[in-house]
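This briefing is meant for a reader who is new to the structure. Please look over the sequence and the model shown here before reading the points that follow.

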Amino acid sequence: MQKKILVTDDAMFMRVILKGILIPEKYSVVEACNGQEAVDQYAAHKPDLVFMDITMPVMDGLTALKTIKDQHPEACLVMCTAMGQQNMVIEAIKSGAKDFIVKPFQPERVLECVKKLIG
Amino acid sequence: MENENVSVKLINPFVAASYSVCSMMFGQAPERQPLSVMPQSITSHQVNAVVGVTGNIKGHVILGMSLPTADRIASAMIGAPIKVFDHLASSAIAELANMVCGNALLQISENGDICDLTPPTIIRGSKVQISTLAIPAIVVPLKLSMGELYIIVGLRHEKAVAPLQRAA
């Protein structure tokens, strides 16, 4: 069965890039452009994996991570981070994120992370 | 002049960040051209990504380029040709600015300066005057196969004002 991935980033470019990496590998992709949308999309679609940007309007990625983990402890989330956000990554890992990827994304690193977590 | 000196010290992290990000994104290191100093008012390029810097260091960084260069850079980032410089292309250029500035601020933070970035703003229009008030900017032209990219760095340290103490 096709695995479903929720891609959360306020930058359209980043969502397009991640989709371009994931869809050819036969993953189904759902999108959200802020943390609140991610919380809503998670509840609606129950994805196997979530890519979560950190800095976003409306609700930031850390708050969204904590909200999703509170509501769905089984949720599997990976943080997408820019250089210089190490402190936030540490907090995210403590809050239940499984891994993180650094922008600019390396397709091999993204796929390695996905395959390791959901196959 | 003091502001200019401070600004020069802050240039290298942006040059290094540009090399790193361009090498990773485009598989090529840019060729650096001679620096120049701009006064407090800048005539914009056709496409400008403006990022504000707050914290111990304040000011702005602008990535400026021509529209054809922006089209080629966005096309390379997206992996497909850009027909019109649309929202997706703007988003790509904004992310390039985000990555260069984020990478540079990481290097700057290693010297103990804590700064943050504002989300990039894309300004289009080659005759727009951008006033930087009291912060002169250093311009770093970088040559890529896609065209020239101008990194305009107008930053200064916020000084902590210590009370003047005299020996009794």
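**Helix 5 of chain A**

- Helix 5 of chain A covers residues 107–118, and because each of its twelve residues is taken at 1.5 Å, the helix should span 16 Å; the C-alpha atoms at its ends lie 16 Å apart, in agreement with that.
- Just after this helix, Gly119(A) has a positive phi of about 85°.
- The model is a predicted one, and these values are to be read with that in mind.

**Contact between chain A and chain B**

- Chain A brings eleven residues to the contact, and chain B brings 19 residues.
- On the side of chain B that touches chain A, three helices of chain B each supply at least two residues: helix 2 (11–26), helix 3 (67–78) and helix 4 (87–109).
- Helix 4 of chain B gives the most to that side, with 13 residues.
- By residue type, the side of chain B that touches chain A consists of eleven nonpolar residues, seven polar residues and one charged residue.

**Make-up of chain B**

- Chain B contains four helices and ten strands.
- Read from the N terminus, the elements of chain B follow the order α-α-β-β-β-β-β-α-α-β-β-β-β-β.

**Burial and contacts within chain B**

- Chain B has 168 residues, of which 38% count as buried.
- Among the contacts in chain B with a separation of 6 or more, 70% are between residues 24 or more positions apart.

Technical notes
Residues numbered from 1 in each chain as written. Chains lettered and ligands numbered in written order. Predicted model: local features only at pLDDT ≥ 70, side-chain atom pairs only at ≥ 80, totals over all residues. Expected span 1.5 Å × (residues − 1). Contact = placed C-beta atoms within 7 Å. Nonpolar A, V, L, I, M, F, W, Y, C, P; charged D, E, K, R; others polar. Buried ≥ 20, exposed ≤ 12 C-beta atoms within 10 Å, placed from the backbone.
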